[in-house]
Amino acid sequence: MNTFKAYLKKEIIESWRQYKYLILLIGIVLFAILDPIILKLLPEMLKNKINGDLASLIQIDMKSAVQNYIKDLNQISLLIVLLTLMGILSEEVSSQKLVFPYSKGANLSAIVISKILHYSVTLSIFIITGFAINYYYATTLFHNNVIAFNKILISSILMSIYYIFIITLLIFLSSILKKGIIAALLVLILHIVSSILVNIDKIAKFIPYNLISLANSFSTENILTTIISAILYCIILSIFTMKIMNKIEII
């Protein structure tokens, strides 16, 4: 417990000093503000370039503004998170930052848990905040096809769970690979592969990427199966990471 508290405090201090909070906040929340504004201005930007009725060509409403934000979370924001946190564990192992705490009897499993918990909570707060801001701007600028806030909240929770899975997967790969960039690339590849596999109906509900599909469609079909599956994957990956870290030669 002492190791967990000490490392959690260390993660918070380092994230603050290295501007990780700021980078993650901008990477997640900025698009919540920009997407509705850009969509609102889009007809004016395109009216001189496209002939015909833009309303019939492009669907621009409150729902599409939120879905556009979810698309950015699925693409640009995810890339920013991966690049920011790619060396989350491998960097500490390769640079021997764990030697001193290990020599003092630090529990490496507690270090893993503190990292997963810290960034899971951080990203969840930023994502839910981003959805709330996006909802405000989307409902202010658009009055058609309005989605109820409770559905927006569910979508934000689903996206948060997916990001928790991504963080857990990144930390797991970071524990077995020396290069953080390779771990980030592998997570990105698995993310892309999952987006293809989710189109297979028989296995879709067991794939974490289905959380994004559910969030984007504001649907609750098979929601519990997908959430439970994602949580189980997180638990399994966490256990494997702790076992790997306890076997690794720190000194």
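**Figure 1. Burial and pairing of Tyr162 and Tyr209 in a predicted model**. Tyr162 and Tyr209 are both buried (under 20% relative accessible area with a 1.4 Å probe, protein chains only; exposed is over 50%, partly exposed in between). Eight aromatic pairs, written 8 in the search of the whole structure, include this one (rings of Phe, Tyr and Trp, the last by its six-membered ring, pair if their centres lie within 6.5 Å; planes under 30 degrees apart are stacked, over 60 edge-to-face, the rest tilted). The ring centres of Tyr162 and Tyr209 are 6.1 Å apart and the planes stand at 90 degrees, so the pair is edge-to-face. Tyr162 belongs to helix H9 and Tyr209 to the loop between helix H11 (201-204) and helix H12 (210-217), so the pair ties together parts 47 residues apart in sequence. Ring pairs join Tyr162, Phe165, Tyr209 and Tyr233 into a cluster. Local features need pLDDT of at least 70 and side-chain atom pairs pLDDT 80 or more, while totals for chains, interfaces and linings use all residues. Residues are numbered from 1 along each chain as its sequence is written, and side-chain values use heavy atoms, without hydrogens and water.

**Figure 2. The largest pocket**. Its volume is about 200 Å³ (the space filled by probe spheres set on grid points joined across faces, edges and corners). A pocket is an open set of points on a 1 Å grid over the protein atoms alone where a 1.4 Å probe fits, with protein on both sides within 12 Å along at least five of seven lines; lining residues have an atom within 4 Å of a point. Of the 13 lining residues, Phe165, Leu169, Leu190, Ser194 and Pro208 lie nearest the centre. Helix H9 (149-176) and helix H10 (180-197) are the elements giving two or more residues to this lining, and H10 has the largest share, 6 residues. The lining has 11 nonpolar, 2 polar and no charged residues (Ala, Val, Leu, Ile, Met, Phe, Trp, Tyr, Cys and Pro are nonpolar; Asp, Glu, Lys and Arg charged; the others, Gly among them, polar).

**Figure 3. The second largest pocket**. This pocket holds about 170 Å³ of space. Its lining comprises 14 residues, with Gln18, Lys20, Gly87, Ile88 and Glu91 nearest the centre. At least two lining residues come from each of helix H1 (2-17), helix H5 (76-85), helix H6 (90-94) and helix H8 (108-141) (helices are DSSP runs of H or I, at least four residues, numbered from the N terminus). By class, the lining divides into 7 charged, 4 nonpolar and 3 polar residues.
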